[in-house]
Amino acid sequence: MKRQDYISWDEYFMGVSLLAAKRSKDPNTQVGACIVDSNHVILSTGYNGFPLGCSDDELPWARTGEDTKYPYVVHAELNAILNSGGKSLRDATIYVGLFPCNECAKAIIQSGIREVVYLDDKYANAKSTLASKRLLSMAGVKMRKLKPREKTLVLSFESNPDR
Ligand SMILES: O=c1[nH]c(=O)n([C@H]2C[C@H](O)[C@@H](COP(=O)(O)O)O2)cc1CO
Ligand SMILES: [Zn+2]
């Protein structure tokens, strides 16, 4: 008989997006994204970070004050779109830890992605999130909050038959 405790596609792709977020150097919010086609093939991943060649050690991670991260950081969703290497993203689904902002929504729509699956919506009342939802719904992009069956999923690097 087949295993019964295998993870769902949704859990798998959101899990990949959460793993990508672990690469983020942002001390406050780590976001990951995973773009998937209609055959359940992963097309790309990304996380929030500074552009290629722009050092994490020289640019600021501050949220407030004179010099903040905001003008420099590339959002996870845009990084995932740009990392797809020219593959078509038409009719794809993007899994993201955090609901996309309006700038990412524009890129999502223009790249042909048709569904956004998200976990957290902690900035639901921000202008950027409201504008994002307005754009995505006008463009007919589906938005779906993932309700995972389990709160956690443990990965182990130990060699263990039960992992
Ligand atoms: O959609 C998003 N995707 C994304 O990658 N981010 C990134 C930019 C910043 O590095 C961080 C947000 O920082 P903070 O929560 O400290 O304001 O998350 C932020 C958003 C905004 O919703
Ligand atoms: Zn964004």
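Here is a short tour of two ligand sites, one stop at a time.

Before you click, note that this is a predicted model, with local features needing pLDDT of at least 70, side-chain atom pairs counting only at pLDDT 80 or more, and totals for chains, interfaces and linings using all residues. Residues are numbered from 1 along each chain as its sequence is written, chains are lettered from A and ligands numbered from 1 in the order written, and side-chain values use heavy atoms, leaving out hydrogens and water.

**Stop one: the zinc ion**

Select ligand 2, then His75, Cys101 and Cys104. Their ND1, SG and SG atoms, in that order, are the protein donors of the zinc ion, 2.0 to 2.3 Å away. Donors here are N, O and S atoms within 2.8 Å of the metal (3.2 Å for Na, K and Ca); water is not among the atoms, so sites may look incomplete. Along the chain, the spacing reads H-x25-C-x2-C. Cys101 and Cys104 are both buried (under 20% relative accessible area, 1.4 Å probe, protein chains only).

**Stop two: ligand 1**

Now show the 17 residues around ligand 1; Asp26, Thr29, Lys69, Tyr70 and Tyr123 come nearest (a residue is near if one of its heavy atoms lies within 4 Å). The shell splits into 9 nonpolar, 4 polar and 4 charged residues.

Next, pick Asn28: one of its polar side-chain atoms sits 2.7 Å from a ligand 1 oxygen. Arg63 also places a polar side-chain atom 2.7 Å from an oxygen of ligand 1. At Ala76, look to the backbone, where a polar atom is 2.9 Å from a ligand 1 oxygen.

Notes: Buried < 20%, exposed > 50% of the residue type's maximum accessible area, 1.4 Å probe, protein only. Polar contact = N/O pair within 3.5 Å; in protein donor to acceptor, adjacent residues only side chain to side chain. Nonpolar A, V, L, I, M, F, W, Y, C, P; charged D, E, K, R; others polar.
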